Amino acid sequence: MPDIFLSYNREDEAKAKLFAEGFEREGFDVWWDVGLRTGDSYDQVTEQALREAKSVVVLWSRKSVESRWVRAEATLADRNKTLLPCMIEPCDRPIMFELVQTAELAHWAGDSGDGAWLNFLNDVRELVGMERMTLSATAGRVQLASSPRLRETLLAVLPFDNLSSDSEMEFFSDGVSDDILGRISRGSKLRVIGRTSSFQFRGTDKPKAAAALGATHVLDGSIRRAGTKVRIAAHLTEATGQTILWADRFDRDLEDIFAVQDEISEAIAVALHSTFFPEVSAKIDPEAYDFYLRARAIYLQDLTWADQAKCVDLLTRAVSRAPDFADAWGLLAVYRKGEAAVAAARRGLELDPECPTSLTAMAMTKQPFAQHAEKLALTERAYGLAPDNQLVAGIYNIVLISLGYLTRSLELSITRFERDPLSPTIAGDLAIAYRSSGRTEEAIATAERAVNDFADANYVRFIRGVIAIFDGDIDCAASIAEPSQDTEGIPPLQALVGFMRAVAAMDPATRAMAVGQFLHRGAPTSYLVDIGLAAAMGEADLAMEHLLVAIREGRPIEFTPDNDGRAAIDAAVTSGLFMPNCEVLRRDVHFAEVCVRLGLYDCWKETGLWPDCVQELAPLYDLPAECAKLDDTAERYVAAPLAPSPA
């Protein structure tokens, strides 16, 4: 396992040699493939070294930014959190890496005492985890001392108690607690349990939290607010011995709330001996902060946006009073549409280039059938900054699925579930991820366990029914959909089961007619979920023809009808193509045309990261090769404008 994988363009070999020799002088094990490259394709040895390296140093130059394999190496390194880029000459980096901090070493000619080089070496040492040299006070000699390891530390941040006389202030105490949780997670090496799980423990249930969540440390406290004054008391406890590692009380004006949150976050980091990078403290208008917390409380309730207009109003008022409030701009961008969303996201990123919500919102503004690589880069960056943010992690997962990266989606879903094991939404998402990856038994076990654990959560019951439909077990889906003594019915699942049973009883000609009517029910809009269901009902050819005609004619294409008031997530549209009920469609060689016209192939080609289904389809046809045949001739999909409704 090399310390450093050096990624560069062959025309920059002389410069790369300077870096390789410089790293080796510092004791690093460097892998660089001088004399090994074979055209523009990956060599097996190269790929193995890339995946195993502790860090990947990418040398950006005018030539390397044009290289598909350098971009692919950088993308994989960014995904694996091993990327350390630097500029070796002035150039425009690929847009997906513009937000990644990059060292400026265009001037460097091998001087081991150069300040910029020394700073870059420190970054490499930190990522590689090299043991640092320290002076032993007892032995009087230099010895190796390993940095403290905190990988096993698992922190639970409980909802701070509301000690205000007004019970309506519960949203405020929860919001401040949630902000502290986010600040600890962001820029820290600590593992933090997700909000949904940890915030279930309140009042007399708090002593049970550590054991139930498997936490090694617990942060708890209380908040009392009176007008523009706030008192926050917090304490950090080591769970096994119930030892209080740190405790403090803060009396502040509410406009200093972010500074207080930073103080608490930094104090926790010191108490746990962790590397932590506190955010820049900022004062904020108390009323603006109230508006922001109220809006955020709405979207945290069930992750839907039915009350979107109210959220937009609250957040607009927040940024009016506090125009430098980056998080409020980011959340406002999530709810807005079109250019208004882009403007809000840009403003949030201008104020804080590492604002996870703004990065996610910017990804959501990208075109649904283009700019896939940009969406991937933005959501990966946001997730790296805020892995415990439900919105950020959820949208990143959707983008992974929409590009066919099902293995990575499953890894993410497992991580989300480990961090937030008491969230029914995340449990349902994990079950779907297992099923999409072909791990049916684990999918069923996860879904059934979630149904038992969250009996009142219709989402996990719906997911269990969908998995049954994927597997052709309509009777199981029907039993889940119908009301019982303990549960209410699930009307959408009932309707779907009824329709599928009716279709199954039809003769072939009647079935084709019924499925055709089903596919055109939203005419002229076509829904990818419907196309997958049509294939699952035995009409794969009809479904593929319907999809191709819609794409070629520029008809509107959406993931599913928006029947519940939820804001559409454009990034989710192509995810339907990689779900289990579209498996039969993927086996059709015409699937390559779908991938080219919907912009997926452009992303795969640019990043060098191919979807999981390439291997699945290999015995039938070569998906990358079939896409390449159509690359120059198949026009990319652009939705035609809808005709105005008759007066």
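**A parallel sheet, its helices and its aromatic rings**

Colleague: In which order do the strands of the open sheet of five strands lie, and is their pairing parallel or antiparallel?

Modeller: In this predicted model, strands are DSSP runs of E with at least two residues, helices are runs of H or I with at least four, and both are numbered from the N terminus. Two strands count as paired if DSSP finds at least two bridges between them. On that basis the five strands form an open sheet with parallel pairing, in the order β2-β1-β3-β4-β5.

Colleague: Which are the edge strands of this sheet?

Modeller: An edge strand here pairs on one side only.

Colleague: How many bridges join β1 to β3, and which residue of β3 is the bridge partner of Ile4?

Modeller: Strand β1 covers residues 4–7 and strand β3 covers residues 55–60, and the two run parallel. They are joined by four bridges. In β3, the bridge partner of Ile4 is Ser55.

Colleague: At what angles do helices α1 and α4 run to strands of the sheet?

Modeller: Axes are lines fitted to C-alpha atoms, for helices over the stretch in contact (heavy atoms within 4.5 Å), and the angles, from 0 to 180 degrees, are taken between N-to-C directions. Helix α1 (residues 13–25) lies across β1, β2, β3 and β4 (83–87), while helix α4 (residues 115–128) lies across β1, β3, β4 and β5. The angle of α4 to β4 is about 165 degrees, and that of α1 to β1 is about 170 degrees.

Colleague: How many aromatic pairs are there, and of which kind is the pair of Phe23 and Phe28?

Modeller: Rings of Phe, Tyr and Trp (its six-membered ring) pair if their centres lie within 6.5 Å, with planes under 30 degrees apart called stacked, over 60 edge-to-face and the rest tilted. The count by this rule is 19 aromatic pairs. For Phe23 and Phe28 the centres are 6.0 Å apart and the planes stand at 85 degrees, so the pair is edge-to-face.

Colleague: Are Phe23 and Phe28 buried or exposed?

Modeller: Buried means under 20% relative accessible area, exposed over 50%, and partly exposed in between, with a 1.4 Å probe and protein chains only. Phe23 has 0% relative accessibility and Phe28 has 4%. Because both values fall under the cut-off, Phe23 and Phe28 are buried.

Colleague: Which residues form the aromatic cluster with Phe23 and Phe28?

Modeller: Phe23 and Phe28 belong to one aromatic cluster.

Colleague: Which helices do the buried residues of α13 pack against?

Modeller: Helix α13 (residues 356–364) is mostly covered, with nine of its nine residues buried; among them are Leu359 and Met362. These buried residues pack against α11 (326–335), α12 (338–351), α14 (372–385) and α15 (390–402).

Colleague: What is the mean pLDDT of the chain, and where is the pLDDT below 50?

Modeller: Residues are numbered from 1 along each chain as its sequence is written. Local features need pLDDT of at least 70 and side-chain atom pairs 80 or more, whereas totals for chains, interfaces and linings use all residues, and side-chain values use heavy atoms, without hydrogens and water. With pLDDT as the predictor's confidence in each residue, from 0 to 100, the chain has a mean of 81, and 85% of its residues reach 70 or more. The pLDDT is below 50 over residues 563–568 and over residues 642–647.
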